[in-house]
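Reader: I would like to learn how to read a structure with several chains, one feature at a time. Could you take me through this one slowly?

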Amino acid sequence: MNSVCLNIPGALTYISLLPLVGMLVVSAIPNMYSRVQRALGMFFTLSTLLGHVLFFKCIGMFSVDTYHFKWIERVTMVSDLGFHYVVGIDGLNFWLVLATSLLSFMALLCSAYEKTKMKTLVNSILLLQLALIGAFISLDLLMFFICFELTLVPVFLLVSMWGGEEGSRAALKFFVYTFTGSIFMLAGIIVLGLMHRCATGILSFNYLDIQSVVANGALWKTNIQLEKWIFWSFAIAFMVKSPMVPFHTWMPRLYKYSPAGSMILSAVVLKLGSYGFLRFCLPLFPDVIAYHVPWMVSLCIASIVYGGFLAVSQRNIMGIMAYSSISHMGFVLLGIFSLSYNGMVGGTIQQLNHIISTGLIMMLLSMLFARKDSRKLSEYGGLKAQMPIFAALFLIAMLSSVGLPGTNGFIGEFLSLQGLFETGAAYAYGLEPFLAGVAGLGLIIAACYLLRLFQGIFYGDLSNLKDRYLRDIKPFEFYAAGVMVIIIFLIGFNPSIVTKTIEPSIGAVREMVIRPAGERPTWKRCEWEEWHKMCNGCNKREVRGDN
Amino acid sequence: MIPLSAYLSVSLFLFLTGLVGIIIRQSPVVMFMCIEMMLNAVNLSFVSFARYAPWVASGDITQTASQWMTGEITVLFVMAVAAAEVAVGLGMIMSIYKNEPDVNVDALSNLKG
Amino acid sequence: MISLENYNWLHSVIILMVLMPFLGALFQALYGKLTECLLGVKSGRWLLGSLAFTFVGTSFGLALLVVKDIFLKHPADVCCFRFTYFDWINLEVLRVPVEMFLDPLSITMVLLITGVGSLIHLYSTAYMSDDAEYSRFFTYLNMFIGFMLILVLSNNLLLLFVGWEGVGLCSYLLIGFWYKNLENAKAANKAFIVNRIGDLGLLLGIFSIAFLLHSTYGINSAGNVITPQILDPRWLSYDIIFGLLPSILTSYPDYATAIALLLFVGAMGKSAQFPLYVWLPDAMAGPTPVSALIHAATMVTSGIFLLNRMHMVFEFSPYASAIVSVVGAITAVWAALIAFGQTDIKKVLAYSTVSQLGYMFMACGVGAYWVGMFHVLTHAFFKALLFLGSGAVIYAMAHEQDMRRYGNLWRYLPVTGICMMIGTFAIAGIPLLSGFWSKEAILHAAFESSYPANLLGVDVATLVGWTGVFVAILTSAYMFRMHLLTFGIPFVNGAERWRLIPAHDHHHHHSESEGAVESEKYDFSDDTFNFYRRELCSHGCHHSDEHHALDKNHEPKEVPYSMQVVLVILAILSIFGGFFLHQHHFLEHFLSSSSAVSWVKPEILVDSYHDNHGVLESLLYISILAVTIGMSYALIVYSRGLPEKEGYNEEKWSRFRLFAKDGFMFDSSLSRIFGRGGYKLSEGFWYVFDNFLIDGIVNMFGKLSSICGEMTRFFQNGNIRFYIFMMSLAILVIIFYILKGGLN
């Protein structure tokens, strides 16, 4: 580890708060200079991205070989209420943090065509980036909840301001729906804190503390029924967020009325759900996961097949994308709940791949909608002759989404299905091998609706003769999309860039679930009183004898 | 000696009349009159308790002046409050009267949920 | 195994062989339009075409070099090499490096792909010369060759799958090449989706193999699943599979059937077997060189290649092999019957391809896998010849594809006619041409097979053999029908039906659309971000239809020399190819030693004896008889031109022929059920489940709060008297409660 990093206490927090600074700065610029606002917004998102990349390189995150946290910052805020401020980076969340910043930058880049409400747009995206990064790095349950809820506000603003009458309704439904789900989670969090006090005498919502007590079986002891209830309270919140059938109906309407440029970030918002499952549901309720695997797997397969099947007949382009996201998130959760090593790694990679491929498709769609205002698929057609480079980029994005080998989408889907088949063929956890076949139908259906989308926009004759005069993609748009394409092929040809760093963490999470109490791994935590000391591979002051 | 209960029953009767009057009558002026009646009933019961308090009846003057005078002073407070309230209320009625000569309390239901 | 010390160059040669087509594709994609702009259309296209041909030709040259230096110097069974390049997937439990496996089977396929591929590249330089998007075509075609090479040269199943999907992608792109016509795009969609159905089967097969190869599937004592002990994380590679599988499959024969059937589903999708053949006739919407390369010679044969590679699994399961051969037989008969009702020359050839693929699976199903490959080779020769020849006919006849409008073309297209005749003879099985040898081998293998499966008392292999004989009759019949309707008998003047069609102007319908555009004025005042161009776009208007109009006498003239050369080369191969491959059982010995691991054949397959001696001895005469029957049928019916019963007036067609024209309603009913029906079902699902049920429940919760509000709304009526009444009531209740002593 580079010693330069160690001398900056709280570096992670400072870098992650850059979007907040950006918001303040952008708010101070008068509305006349909308391009300056956008440029400043892009500057701050980009600097967050670069700051994180440099910081992670500095602490050696790109060559991680252990599942422990490489960086934890902790401050006790209100010790009586057990409210701490804990943030940390490990294999599970650091790619998500980077992806958030990257996609916020892309979202602002593709908002070049916004005419009137640029300040609100920039501020909303910055706030969303802040909330998402906060949710991904936070290791305190209450802080996670706060950031989880905070992401609702900018999305609500974006959709209701740009969506019109129907958009306000869709945004309201989304807000109330997601909020209701999270209320259950809040109840669960409070119960967890109280159980922790029961077990150790200290009220704490610190995730690391709670997880270590769960790991040695002292938290739940014999309260399996209670554990099931609390699992479901968390699970419902995450199931609503990463939409799983049947809690998915907020999504299609939301997508149909949202501005496409900001929906680039929506791909990351969905990951809150799957990340929540990985980080919170699996390690904290290990005894009951085995009971729930058949349920969750069936719901995942329902998401995959049902979501894909409904996407086939959608008439609105964004409706197709919404159901496509439901289907892909089904693969993510399928991999995670298959509880086999391959499957879990596959599900986690699929998270990232979905961000990239859906992000790219949304980017391209935002460019398309800026040119032509309609979202109905029937009003498009024959654009390949007018915009051949755009069509080529869209083809690559579509192939990545459909899971062509050589692009990034294949690895995740292959490993998830293989993990499910493995667990099913061993008849473990009540699964059967044919389930992988049913889930594989999702691959076929994905080809159906994505090809229909591509054909509907690009092939055939021009449906509107005015489109004859459409110009092809502009240079800055091309470079932005090109970056994403490069990432697609990079991950496609060499997935170990990504898997190398998440494998140890996934292995640890899996061990936390399947091993009996007392044999489960637990993350190292460090205690320190002030802001200044940081955990340097936790050589100093380990607590309570756990390794 | 007239028993305390007599005074209290008169007070109760006045109070109930006032209460029923508020509930039944529609005109705000009449409602204010009934409020006055209720306040006077309460005054009466304060005074009667002040007069018929055990330490007064027994003529024991070793109690403090504040305990002796509590009921009557309270009456003065109540009267002051009543006067202020009537002033405010009649002012409100006057401003409503400017918009509509026929003031009807039931029509003032803008806070209907 | 030969040591690789003297052959260090092989390491780089193999990867170069695979990379060359991709480099070509990349160059064409990035610099194609630029070259045309810089050098002008004609010379630019000459350069692009030569480059495309050169890249593939280089791969072919390298393959020849490998054959000369390795395979001709050593006996076939020691020529198995494995080359590892870099790691693609590197997880703790799965490691898939990019590795190539060179053995007789793969080098055969490489020679076929690159050889026939380069010939077809040469052909397309002339065929596509008038097309607007010349470089795009060669991008896709080169990419296809590259993916096909990955498929055949890979050493593990996942890399094979990469190639598998890659060729599916290129097939999609090439079928939908002329995308202005939406029907082509729909045909491309169909091809991709039906291939994907097969891919799902292949994936499940790969998963099953993976599952079996975990040495201990980790379940600990508590019944929980733990990470299994994997000895070698490279468990998808052939050397590991073929080393470990025989022992596992001997103890669990049911798994062998399951794996074999799943792999066969994959092969069915790619190789167009019944019922997954429906994409192949529609794929004729693509340009003819594409049909020749992809849908006749190479991509559709990847299923047989897969079976050859994984034949070990099939040999453990006689029932799976029986199913393979039965499906092959059904496909062969089905497609042959449909071909009788087709009037489009390319559709006849498409169904003929499906039928011949059925033959190949029949051979694989009865255990003679090398025979399947033999038929792949000879079929590639004559089918590519037939397709390219039909392409030449279409080129010469100004895009007329209906055979009812041909007739007597031997006079005007002599070279094409002779080559097509050779191709027809070859496919029909005229003795001593290549098709004869491979068909003989198939029938011989079927009657000689020792597989024990039987169907209703008749053993499957013999049944399949007799089906093969029947299909041979049908094949020669419909192929000669096609030839006679198109070309007629040489030196006999037949009816020239195309003269009966008035010469029509190809250009008028373009001017219509251009005129319509120019007359409308568009308002670009709202174009603040400069999305629209004011001037007419030059390349958007350039239509990609080809115009090879008939010359001034409205007579077809012979095609350019580059196309003729290819036809002649393929014709020579069709004549002599089969003979030379069959000499001294060369191909049989070459391919049969194609496994790096020796293993013992399971006992269930040995010792099953079918008494087919008589048939085997007279097999030669039976097949010659079959060919003769078919040829004479065709001569009798069609030598005098188009009979009325097959003319333009479809009322006069026989009911069987009408039924056959529609593909026995199989394709149309599938389209209606799954295509149209799937769309309607999806809409219905959306309406019932999403809109009504789930959203209804969600909205119900919203309405629930409204209802609760409505119920309590009674108490908030804004009436102050009511409030006072309620207050006094409440105070009364409280007073009573206190008086009753409730506050103790």
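Reader: In what order do the elements of chain B run from the N terminus on?

Author: This is a predicted model, and in it the elements of chain B, taken from the N terminus on, run α-α-α-α. Counted by kind, that gives four helices and zero strands in chain B.

Reader: Where in chain B is confidence highest, and where is it lowest?

Author: Where pLDDT is low, the predicted coordinates should not be read in detail. Chain B has a mean pLDDT of 86, and 87% of its residues reach 70 or more. Within chain B the confidence is highest in helix 1 (residues 4-24), at a mean of 93, and lowest in helix 3 (residues 54-57), at 66.

Reader: How much of chain B do buried residues make up?

Author: A residue counts as buried if 20 or more other C-beta atoms lie within 10 Å of its own. By that count, buried residues make up 10% of the 113 residues in chain B. As for the contacts inside chain B between residues at least 6 apart in sequence, 61% of them join residues at least 24 apart.

Reader: How many residues of chain B are in contact with chain C?

Author: Ten residues of chain B are in contact with ten residues of chain C. On the side of chain B that touches chain C, five residues are nonpolar, three are polar and two are charged.

Reader: What does the contact between chain A and chain C take from each chain?

Author: The size of an interface is often given as the accessible area lost when the parts come together. Here we count residues instead, and the contact takes 55 residues from chain A and 54 residues from chain C. Helix 14, helix 16 (341-371), helix 18 (408-425), helix 19 (434-458) and helix 21 (496-514) of chain A each supply at least two residues of the side that touches chain C, and helix 19 of chain A gives the most, with nine residues. That side of chain A divides into 33 nonpolar, 14 polar and eight charged residues.

Reader: Is Ala290(A) buried, partly exposed or exposed?

Author: Ala290(A) has its place in helix 14 (residues 286-311) of chain A. Since a residue with 20 or more such neighbours is buried and one with 12 or fewer is exposed, Ala290(A), with 18 other C-beta atoms within 10 Å, is partly exposed. Ala290(A) and Tyr429(A) are 139 residues apart in sequence, and their C-alpha atoms are 6.0 Å apart in space.

Reader: In what sense do strand 1 and strand 2 of chain A pair?

Author: Strand 1 (residues 71-78) and strand 2 of chain A pair in the antiparallel sense over seven bridges, and one bridge joins Val78(A) to Phe83(A). The hairpin has four residues between these strands, and Gly82(A) takes a positive phi near 70° there. Five of the seven residues of strand 2 (residues 83-89) of chain A are buried, so this strand is largely enclosed by the rest of the structure.

Reader: And through how many residues does a hairpin join strand 1 to strand 2 in chain C?

Author: In chain C a hairpin joins strand 1 to strand 2 through four residues. These strands of chain C pair in the antiparallel sense over seven bridges, and Phe83(C) has Met100(C) as its bridge partner in strand 2.

Reader: Why can helix 13 of chain C be called largely enclosed?

Author: Helix 13 of chain C is largely enclosed by the rest of the structure because 16 of its 22 residues are buried.

Terms used:
Residues numbered from 1 in each chain as written. Chains lettered and ligands numbered in written order. Predicted model: local features only at pLDDT ≥ 70, side-chain atom pairs only at ≥ 80, totals over all residues. Contact = placed C-beta atoms within 7 Å. Nonpolar A, V, L, I, M, F, W, Y, C, P; charged D, E, K, R; others polar. Pairing = 2+ DSSP bridges. pLDDT = per-residue confidence, 0-100.
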